[in-house]
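Here are my notes on the model that you asked me to look through. Please read them beside the coordinates.

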Amino acid sequence: MIPIKNKMAIQKMQTAGLLVAEIFELLKQHVVAGKTTFEINALIEKELQKRNLVSSTKGYKGYKFASCISINDEVVHGMPSERIVKDGDLVKVDICASWKGYCADSARCFFVGSPSAIALKLAQVAREALDKGIAQAKAGNKLTDISAAIQAEVETHGFGVVRDFAGHGIGKQMHEDPEILNYGKPGKGPVLRPGMTFAIEPMITQGNYAVYVAQDGWTVRTKDKSLAAHVEDTVLITEHEPLILTKINPS
Ligand code: MF3
Ligand code: CO
């Protein structure tokens, strides 16, 4: 069952989304060479607190941090550590937090110093794929219209779509029904209705889409060590165009 949110729930998710988006704005100045991912996470913790946001990842299945920070061939779920980010790194930051009990989930790519052409392209295609997916998040469409749009955009550019992780419904819980695959045929699954809220999150690779979970039990990495990009927005399905809740100026 995909929950339909009422006005109150939507307003709270909207606030959560806006506040999380503010933190991502701030992060642009802080994901810089010489910082440890621990320090970046500490800043995120502080900024969440300031805004009365409660991390949804801290304590989730034993995960200890308020963010996931994944670098280069790490796709998602990288754990903050003493590792120092350096020039040329492609850094993905993922934050999920709730405001008055309602969650917003978002991820962005950051370049440390000047990005390589391929890192830039990969991040651009991930963003474009997310936008194409969001454009399908319309009342009356089927769930996998989102999936197919994402896959088409990524594969047109010769990149890989990660199969082992997916987007998800979101609300009171970080993860709700449905699972939103980033690949597949269009026209399948439940019909989308106004009031549904989805975290859509393409995870894409420069090379093969195969990934594995590292020794630490969390970090997801590409098997071929190729670069990966990940972006995520929380989106509300409306009577009209989809509304991106995790953007400061939604278009
Ligand atoms: N935002 C991530 C997601 O949607 C949350 C990561 S799960 C964690 O899957 F346990 F690593 F925090
Ligand atoms: Co998510």
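Predicted model: local features only at pLDDT ≥ 70, side-chain atom pairs only at ≥ 80, totals over all residues.

1. Residues are numbered from 1 along each chain as its sequence is written, chains are lettered from A and ligands numbered from 1 in the order in which they are written, and side-chain values use heavy atoms, with hydrogens and water left out.

2. Helix 1 (residues 7-27) and helix 2 (residues 37-50) have axes that come within 10 Å and cross at roughly 145 degrees, in a right-handed sense. Helices (H or I, at least four residues) and strands (E, at least two) are DSSP runs, numbered from the N terminus; axes are lines fitted to C-alpha atoms, for helices over the stretch in contact, with angles from 0 to 180 degrees between N-to-C directions. A crossing is right-handed if the near helix is turned clockwise from the far one by less than a right angle.

3. On the helix 1 side, Ile23, Leu26 and Leu27 meet Ile40, Leu43, Ile44, Glu47 and Leu48 of helix 2, where contact means heavy atoms within 4.5 Å. The residues of this contact divide into 7 nonpolar, no polar and 1 charged (Ala, Val, Leu, Ile, Met, Phe, Trp, Tyr, Cys and Pro count as nonpolar, Asp, Glu, Lys and Arg as charged, and the others, Gly among them, as polar).

4. Helix 3 (residues 117-135) packs against helix 4 (residues 143-156) at an angle of about 150 degrees, with the axes 8 Å apart, which makes the two roughly antiparallel (angles over 145 degrees). Their crossing is right-handed. Val125, Glu128, Ala129, Lys132 and Gly133 in helix 3 meet Ile146, Ala149, Ile150, Glu153 and Val154 in helix 4, a contact of 6 nonpolar, 1 polar and 3 charged residues.

5. Around ligand 1 there are 13 residues, of which Tyr60, Asp94, Asp105, His168 and Glu201 come nearest, a residue being near if one of its heavy atoms lies within 4 Å. A nitrogen atom of ligand 1 is 2.9 Å from a side-chain N or O atom of Asp94, while an oxygen atom of the ligand is 2.8 Å from such an atom of Asp105.

6. The peptide bond from Asp177 to Pro178 is cis, with omega near 0 degrees, and Pro178 lies in strand 8 (residues 176-180).

Terms used
Parallel < 35°, antiparallel > 145°, perpendicular 65-115°, else oblique. Polar contact = N/O pair within 3.5 Å; in protein donor to acceptor, adjacent residues only side chain to side chain.
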